[in-house]
Amino acid sequence: MATNYDYEEAPATYDEAHRQDLGYDPNFVPDSVKSLVVHLYRHIREKNVYEIHQMYEISFQTLSDRLFKDTPWPSVDAVAHFVDNDQVFCLLYREMWFRHIYARLSPTLKQRIDSWDNYCSLFQVVLHSVVNMQLPNQWLWDMVDEFVYQFQSFCQYRAKMKNKTEQEIALLRQYDQAWNVYGVLNYLQAFVEKSNIIQILEQEKEGLEQFTATDGYDYSGGSNVLKVLGYFSMVGLLRVHCLLGDYQTGLKCLLPIDISQQGVYTSVIGSHITTIYHYGFANLMLRRYVDAIREFNKMLLYIYKTKQYHQKSPQYEQILKKNEQMYALLAICLSLCPQVKLVEETVNSQLREKYGEKMARMQRYDDEAFAIYDELFSYACPKFITPSAPSFEEPLVNYNQDAYRLQLKLFLYEVKQQQLLSGVRTFLKVYSTISLGKLANYMEVDDPTLRTILLTYKHKTHAVDSEGKVISNADVDFYIDDVRKTFSLCKYLCAAEKMCFKLPCVLYNFIAADTDGIHKQLWTNLRLGYVKT
Amino acid sequence: MRRERETPKQQQQQVSYTVEHLVAVNPYNPDILPDLENYVNEQVSSQTYSLDANLCLLRLYQFEPERMSNQIVARILVKALMAMPAPDFSLCLFLIPERVQMEEQFKTLIVLSHYLETGRFRQFWDEAAKSRHIVEAVPGFEQAIQSYAIHVLSLTYEKIQRPVLAEAINIEGLSLDKFLEYQAANSGWILEKGHGRGQLIVLPQNEFNHPELKKSDADSVPLEHITRIFPILG
C-alpha cells in the first residue's frame, strides 16, 4: 500500500464526495473481502506474524488492485460483525481504509478529519491499554509513515485558502484540533516515551535487553506494537522536524538509533530509506557535507544492489523516487564539498551518468550554476510545511509554498557565500607555493579581498560537528605565511588529482620564458573548466 | 538540616535546570513559551547559551505566530552569532518566517552574519558600530566575535601581521598591546619583530594551519601528462 507522495492533490469538495459515494455501495462486502478480514482477524488473535504480513502486504494489495482501483473499500461498519466487532481490529481496518483513500483517491476534508480521529483513537488504545498483538514491522512502519504523510498533506491542503468553499472553511474552523502540529508531535513523542525505547536501546548495548536481535519482536509472549511504534516514531520525529525546518532537533531525535549499524530501521526498506534521506538532508542544511555524502553513498549502493527484490512491492515506485532524489542531493553535496573519494565506484558512475554535466556547471558558480542548484534542491527537498493555522480574516491566499521558498532561499544564500571557493580549490590543485600578490592577480581581486576569500574557504571547509568539535572537510588545504607573503599549499590529493600535482613547477623548469603568462593562461583555462584536474 | 538561603547564582542554575528539563521532556507544549522567553533573557544577562531551548522557542513561535516577540527573536539571533563558527545563526533563520526576516533589525543581523561568514571583519565592525543598540544589548558580544575571528585566523595563518590581526578583532594601540601580552602569556602566542617596525604574531600551531606537505608517491609526472597540457597553453 504505497503512499504516493507525488500525487497531485486536487481540491476535494463535497461534490467529489458524492461522486465517490455514487460509484459504489459502502455496505457491500465482496466474498473475497469477507474472507480477508476474517482470516486477518484470526491471524492477529493467534499472533501469526508471518501470515499477517502476507495478507497485509500481498492480499490487501491484490484486492485493492482488482476490486477497488478507484473506489473505497467497504466501510468498517459493514465488516465489523465478521470480526466480533473487535474495537482494535476495526481501528486498524479503518486506518488502512483511509490510507487507501489517500493513495488511490482524493480525500475530502471530512475524510481527513475522520482519519485524524481514527489515529487518535488507535493511538490512545496502544498508549493506554495493554495491547496483546504482534504486528509485522512493515505494518507498524507504514502506520507512522502514513500518519506523518497525512499531517504533511493536511498542512499543504490547509494552506491553499484561495479556493476554499464556505463549508470547508466552516469545517476547518470547527475542527481546529484536527492535525494540529502539537497533537502530531506529542503523539510521536508519547510513543517514544511510553515504549521506553531509548532506554531499551541503551540497555541493549550492555547486553541487558533484546530488541534489535529479535527485529523488535517479542518472543516471551508479549506485544511488539508499542516498542516498535516507539522506535519508528523517532524516525517520524526526524521527518516532522525536517518538514518544519528544524534540522538540529530532527537529528537529535534520531540519535538513539545507531545508523552506522543495521537495526530495526533497516528491517523495512521504506524506513531505511526515509531515515537516511532525512538524515542526509538535515546534515546538508547543517553544512556537514561529509556526513551527508557518507550516508547517501551507503544508501544508494544498498538500493542499487537490492532494488530488484522489491520490484513487485507496492513501495517500489517510492524507492525509485527517493533513489533519484538522493542522487540529486549527493550531486549538491559533492559540488559544495568535493570529496570524491568518499563515493563508491558504482554510485559514482551512476552519479556521473545522471548529473555529471550538471555538476560541472554547478562548480562554475555563475548564474547558470545557481539555477541548477535551485533545480536540484527543489526536486529533492522534503515538502516543507507551515504548521500554524491559517488566519480566516484576511483576504484568502495560498501560502503553501512559503515554507519551501524560505528554505530554498536560505540554501541558495549559503551556496552564494561559497561562490569564490571553487576558484581557491582550483589553485590548490595546481600550485604548491605562490605569492599572495600573484594569486590576487590571477584571481583578479585585490589583496584584502583575496584574504577574505581565503578566510572564507577556511571557515566553510571546517565544519562544527555534533559535539562542537571543528573538523576539516577540505580535500585540499593551505596556510598563509605573512612574512614571506606566500600562500603555501598542503595537499591531500587522491589518485585522480595527482595528474596536475607539481605540473607548473615542472613546466617552469622546462619553459623559462614568460612564466607569468603561462600561469595566467593556465589559471584562465582552469577557471573556464577546460582542464579537468 | 540547615536551611540555606539560595544565592542568586544558585537560583539561576535552578531556573536553567528546569527549563532544560522542560525542553528535554515536554518541548511540544505551548504553555512553556513564557518560560523559554525568560530563559532567553537569562542567557543574555548571565552570558550563557542554549541552542536547544532557543530552537524550541522559535518552533513554538512558528506554531503560533501571533505570540512571537521580535525583541526575543533578535536576542536569540545575536546569541547565535556569538556561537560562531557553529552554524546556529542559519539554524535559527530556517525557523523564522520570511516576512519577519525582512524587517530592519533582522536585515541588519543577517548582513552582520554574512560579513562574519565571509571573513569580512572590517566591514563587520563598521556595521556593528552603526547598530550599537542591537549588539550592545547583549553582554559578551564583542569578546565572542573576537574569539571567532581569532579562530578563523588560526586556521589560516601561520604568522600574521599586526595590522591584519588588529582589523579582524577591532582592537588597536595600547589595548592591542595588552591583549597580545595576555595571549602570549596564556595562549601560546609568540610575538616577533617583523619588517621594519612591524610586529608579527605567531599563532599556535594546530593541524589546520600547519598541515605537513603530503608526499605523493608519484613525484615525477609521466611525460604524457605533461604533453597533454601543451595544446591548451598553445
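Me: What is the handedness of the crossing of H5(A) and H7(A)?
Reply: In this predicted model, helix H5 of chain A covers residues 87-104 and helix H7 of chain A covers residues 137-158, and the two pack with their axes 11 Å apart at an angle of about 50°. That angle makes H5(A) oblique to H7(A). The crossing of these two helices is left-handed.

Me: How do the residues of the contact of H5(A) with H7(A) divide into nonpolar, polar and charged?
Reply: On the side of H5(A), the contact is made by A:Leu92, A:Glu95, A:Met96, A:Phe98, A:Arg99 and A:Tyr102, while H7(A) brings A:Trp139, A:Asp142, A:Met143, A:Glu146, A:Tyr149, A:Gln150 and A:Ser153. Sorted by class, these residues come to 7 nonpolar, 2 polar and 4 charged.

Me: Which crossing do H14(A) and H15(A) make, left-handed or right-handed?
Reply: Helix H14 (residues 289-306) and helix H15 (residues 316-336), both of chain A, pack at an angle of about 145°, and their axes lie 9 Å apart. The crossing of H14(A) and H15(A) is left-handed.

Me: How many residues of the contact of H14(A) with H15(A) are nonpolar?
Reply: From H14(A) the contact includes A:Phe296, A:Met299 and A:Leu300, and among the residues they and their neighbours meet in H15(A) are A:Asn323, A:Met326 and A:Cys333. No charged residue takes part in this contact, and 1 is polar. The number of nonpolar residues is 15.

Me: Are H8(B) and H10(B) roughly parallel or roughly antiparallel to each other?
Reply: Helix H8 (residues 121-130) and helix H10 (residues 141-156) of chain B pack with their axes 12 Å apart and at an angle of about 175°. Because angles over 145 degrees count in this way, H8(B) and H10(B) are roughly antiparallel.

Me: Which residues of H8(B) meet H10(B)?
Reply: H10(B) brings B:Phe141, B:Glu142, B:Ile145, B:Gln146, B:Tyr148 and B:Ala149 to the contact. By class, the contact of H8(B) with H10(B) has 7 nonpolar, 1 polar and 1 charged residues. The residues on the side of H8(B) are B:Phe121, B:Phe124 and B:Trp125.

Me: Which helix gives the most to the lining of the largest cavity?
Reply: The count comes to 6 cavities of 30 Å³ or more, and the largest cavity has a volume of about 230 Å³. Of the 19 residues that line the largest cavity, the closest to its centre are A:Arg287, A:Leu410, A:Glu414, B:Ser90 and B:Phe94. At least two lining residues come from each of H13 (269-285) and H18 (402-417) of chain A and H5 (88-93) and H7 (104-117) of chain B. With 6 residues, the helix that gives the most is H18(A).

Me: How many residues of the lining of the largest cavity are charged?
Reply: In that lining, 12 residues are nonpolar and 4 are polar. The number of charged residues is 3.

Me: Where does the largest share of the lining of the second largest cavity come from?
Reply: The second largest cavity holds about 70 Å³ of space, and its lining includes A:Leu286, A:His459, B:Pro85 and B:Pro87. Helix H21 (447-460) and strand E2 (462-464) of chain A each supply at least two residues of that lining. The largest share, 3 residues, comes from E2(A).

Key
Residues numbered from 1 in each chain as written. Chains lettered and ligands numbered in written order. Predicted model: local features only at pLDDT ≥ 70, side-chain atom pairs only at ≥ 80, totals over all residues. Heavy atoms only, no water. Axes fitted to C-alpha atoms, helices over the stretch in contact; angles between N-to-C directions. Helix = DSSP H or I, 4+ residues; strand = E, 2+ residues; numbered from the N terminus. Parallel < 35°, antiparallel > 145°, perpendicular 65-115°, else oblique. Left-handed = near helix turned anticlockwise from the far one by under 90°. Contact = heavy atoms within 4.5 Å. Nonpolar A, V, L, I, M, F, W, Y, C, P; charged D, E, K, R; others polar. 1 Å grid on protein atoms, 1.4 Å probe; cavity = no way out; pocket = protein on both sides within 12 Å on 5 of 7 lines; lining within 4 Å. Points joined across faces, edges and corners; volume = space filled by probe spheres on them.
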